[in-house]
Amino acid sequence: MKSLDIHKSEYLKQFETQTYGRNLFRTQEEERLDAPNEECGIFGMYSDDDLDTFSLSQFGLFALQHRGQEACGISVLKDGKITNMKDEGLVLDVYKEIPDPETFMGNSAIGHTRYTTAGDKKKYNFQPFFAKNEYDQIILSIAHNGNLTNAKELKAQLEAEGVVFRATSDSEVILRLIQKNLDLGLRGAIKATMEKIEGAYSVVGMTRNKFFAFRDFNGIRPLVLGAINENSYVVASESVALDAVGAQYVRDILPGEIIYTNENEPGKLHSIMVDEAKAKQRICSFEYIYFARPDSSLENINVYEIREKSGEKIWEQAPVEADLVIGVPDSGVPAAIGFAKASGIPFRPVLIKNRYIGRSFIVPTQEMRERVVNLKLNPIISEIKDKRVVIIDDSIVRGTTSKRLVKILKDAGVKEIHFRSVSPPIIAPCYLGIDTPSKDDLISANMTTEELRNYLGVDSLEFLSIDNLKSILGSANHCFGCFTEEYPVGKGEELELFN
């Protein structure tokens, strides 16, 4: 048997060239229904020198593809002119549609890979968003990850002042507030905007001569800073995007911090804290459990290590006698390796991925949709037949995917199934940048663990406790809202923002 270190190495290596897929048992339809869905990925770069911003932004956004697969867009600054391109589809597909890459080579770029959390899926909601002057020239462009909880109120106020909105996304509220206050200077405009908006937001942006980024006062959504050289900077949702463009990690952008360039000091990056008294560290705990790529580091915490520790911890919390441990690719594998390491029960990668399958199957019936799953993942029956199996998954949301997984294992002749979720029970929706089902559809909000065990048809079922999650993270200074229904900020309107 291969050592667990070799399994870890092979597991991480694959994501350098292939898109990270969290739970490959979910059909494309179920990714909206049976999972907390991606929030969006943002990327930005600035240099005093000209860069191949076309290629580098493409590399950075590809590394963030797991954070959104609906649409992709970029804005590039070249010779004082901002050019924008955005379209539906995956990063590489959108970049293929750019007819002249030279147009998108300059000294600054921002990009966005999108999953809808507020507003509908129309093209006018794709990012980056931009504002124009009276000469039809783009003067400001931003990309946003997160969700504002007071966007509806602010939009109404701005419209009453005569501001015209082009989209139905809360991100445009941020754009229009900055645009409205530009007479205060860029730093003043961002500060005035941050003092008005509430919720979760990490933002990158540019004007025709400046680059900037900022993060909400609770730091709920991640944002990291890197450097290619002494006058070339990169900002991204995750550190893997820095790796993809050859940038060195510098630090995480702080809650309530603005970083920006000044045209009078080319190549120098400035920083200001808007209100240190309001700044708190409350990064989303689910970033570590599920959202971030395993080779990322957020707030100086390695995501893979957290997931492996979660497997070790749930073994301590709920030990069981079994013959082998398997993890649901991709996100359940590190925890399965950790469980195997702590328990001594062998880890087996028995769920085999088809590396060449895309996301574009269109099938009209439920029966055929079920079969698509077996095209993506197929078990090695000889490894699991008549065995007692521990299956490790990142979470249970609606329970439909977990139930199908159990059926596949039973059909393969597994003797016993012991299910372990390395997140606590998800009992509440997220209002801060993650698209989760309503409380009525969250199975742990409506069933006891024993009721859920019977529903799934497994021999035992355990969830990682919230106390053990805090222990693994080394702090209670995170957002645990989906597990506790207690949020760092008010949840705002539960209705669609712009109905």
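The exercises below concern a predicted model and are each followed by a worked solution. Local features need pLDDT of at least 70 and side-chain atom pairs count only at pLDDT 80 or more, while totals for chains, interfaces and linings use all residues. Residues are numbered from 1 along each chain as its sequence is written, and side-chain values use heavy atoms, with hydrogens and water left out.

**Exercise 1.** State the strand order of the open sheet of six strands, and find which strands are at its edges.

Solution. Start with the terms: helices (H or I, at least four residues) and strands (E, at least two) are DSSP runs, numbered from the N terminus. Two strands pair if DSSP finds at least two bridges between them.

Step 1. The order is 5-6-7-8-12-13, and the pairing is antiparallel.

Step 2. Strand 5 (129-132) and strand 13 (269-273) each pair on one side only, and these are the edge strands.

Step 3. On average, neighbouring strands of this sheet are turned by 15 degrees against each other, direction ignored. Axes here are lines fitted to C-alpha atoms, for helices over the stretch in contact, and angles run from 0 to 180 degrees between N-to-C directions.

Step 4. Helix 6 (residues 171-180) packs on the sheet and touches strand 5, strand 6 (138-148), strand 7 (199-207) and strand 8 (211-215). Contact means heavy atoms within 4.5 Å. The direction of helix 6 makes about 135 degrees with that of strand 6.

Step 5. Strand 12 (residues 257-261) is joined to strand 13 by five bridges in the antiparallel sense. In this pair, Thr261 stands opposite Leu269.

**Exercise 2.** Describe how helix 5 and helix 6 pack.

Solution. Two packed helices are described by the angle between their axes and the distance between the axes.

Step 1. For helix 5 (residues 151-160) and helix 6, the angle is about 40 degrees and the axes are 10 Å apart.

Step 2. Angles under 35 degrees count as roughly parallel, over 145 as roughly antiparallel, 65 to 115 as roughly perpendicular and the rest as oblique. Helix 5 and helix 6 are therefore oblique to each other.

Step 3. Helix 5 contributes Ala151, Leu154, Lys155 and Leu158 to the contact, and helix 6 contributes Val173, Arg176, Leu177 and Lys180.

**Exercise 3.** Is Leu254 buried or exposed, or partly exposed?

Solution. Buried means under 20% relative accessible area, exposed over 50%, and partly exposed in between (1.4 Å probe, protein chains only).

Step 1. Leu254 lies in the loop between strand 11 (248-252) and strand 12.

Step 2. Its relative accessible area is 41%, so Leu254 is partly exposed.

Step 3. Not counting residues up to four places away in sequence, Leu254 touches Arg215 and Met273.

**Exercise 4.** Which strands does strand 2 (residues 71-78) pair with, and how many of its residues are buried?

Solution.

Step 1. Strand 2 runs antiparallel to strand 3 (residues 81-88), joined by eight bridges. Ser75 stands opposite Asn84 in strand 3.

Step 2. These two strands form a hairpin with two residues between them, and Asp79 in the turn has a positive phi of about 55 degrees.

Step 3. Strand 2 also runs antiparallel to strand 4 (residues 108-114), with seven bridges. Gly73 stands opposite His112 in strand 4.

Step 4. Seven of the eight residues of strand 2 are buried.
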